[in-house]
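This briefing concerns the arrangement of strands and helices in the structure shown below.

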Amino acid sequence: MTVAHYGPSPNPLGLWRDLLESPPDHIAIDTETISINDITLLGIGLCSDGDNGFYVSYDDSEFGDVIDIILQNPYISKVYHNAPFDLRVLRAYEADITNIDDTLLMARLMPEPVATLEDLAFWVGRHTNSMRSILDAFRVSRSNELPFEVLAEKCCRDAIVTRAL
């Protein structure tokens with residue numbers, strides 16, 4: 001299994017099925033890559049309700065469904081935190097680039113001293129850690145060296161915070 005859930009839903013499988021069968025009008029997306037310099041895609045995080053996140057690894061059988069049903073759909077508004085990075089990672093998958101928002105860009109327009117997702121999470125009552133702090137905690141240098149569950153939770157949390165913003 002390479003689809004993971006993070007959040008309070010008592011029925012994550014039902015929530016996942018609903019996400020694919022009845023896609024939302026608005027969804028937050030985050031990507032996880034090997035590193036900032038090696039943008040090989042490891043997986044995609046999704047959040048449509050602000051509370052529950054899903055992480056789908058690139059090698060999962062449902063990865064193609066996420067691409068076809070959600071990422072390529074111009075009728076779904078997609079929100080990213082640092083859209084240029086995520087969209088560069090997703091370029092090979094022909095992700096829609098016409099219906100997007102970027103919370104990083106929005107935050108930079110506010111009178112805040114920083115616009116990191118970790119700092120902005122405070123404003124929506126959430127918490128997420130920087131990838132650097134997670135890599136340091138596990139004493140690794142690349143995201144693909146982290147345990148699957150840790151990487152999945154990080155990506156889900158980031159998507160949840162992005163959606164809440």
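Helix α2 (residues 63-71) lies across β2, β3, β4 and β5 and runs at about 50° to β3. Helices (H or I, at least four residues) and strands (E, at least two) are DSSP runs, numbered from the N terminus. This is a predicted model, in which local features need pLDDT of at least 70 and side-chain atom pairs count only at pLDDT 80 or more, while totals for chains, interfaces and linings use all residues. Residues are numbered from 1 along each chain as its sequence is written, and side-chain values use heavy atoms, with hydrogens and water left out.

**Sheet**
- Six strands form an open, mixed sheet in the order β1-β4-β3-β2-β5-β6; two strands pair if DSSP finds at least two bridges between them.
- At the edges, β1 (3-6) and β6 (100-102) each pair on one side only.

**Helix α1**
- Helix α1 (residues 12-21) packs on the sheet, touching β1, β2, β3 (41-47) and β4 (53-57); contact means heavy atoms within 4.5 Å.
- The direction of α1 makes about 75° with that of β4; axes are lines fitted to C-alpha atoms, for helices over the stretch in contact, and angles run from 0 to 180 degrees between N-to-C directions.

**Strand β3 and its partners**
- Seven of the seven residues of β3 are buried, so this strand is largely enclosed by the rest of the structure; buried means under 20% relative accessible area, with a 1.4 Å probe and protein chains only.
- β2 and β3 run antiparallel, joined by six bridges, and Glu-32 has Gly-43 in β3 as its bridge partner.
- Four bridges pair β3 with β4 in the antiparallel sense, with Gly-45 opposite Tyr-55 in β4.

Note on methods. Buried means under 20% relative accessible area, exposed over 50%, partly exposed in between (1.4 Å probe, protein chains only).
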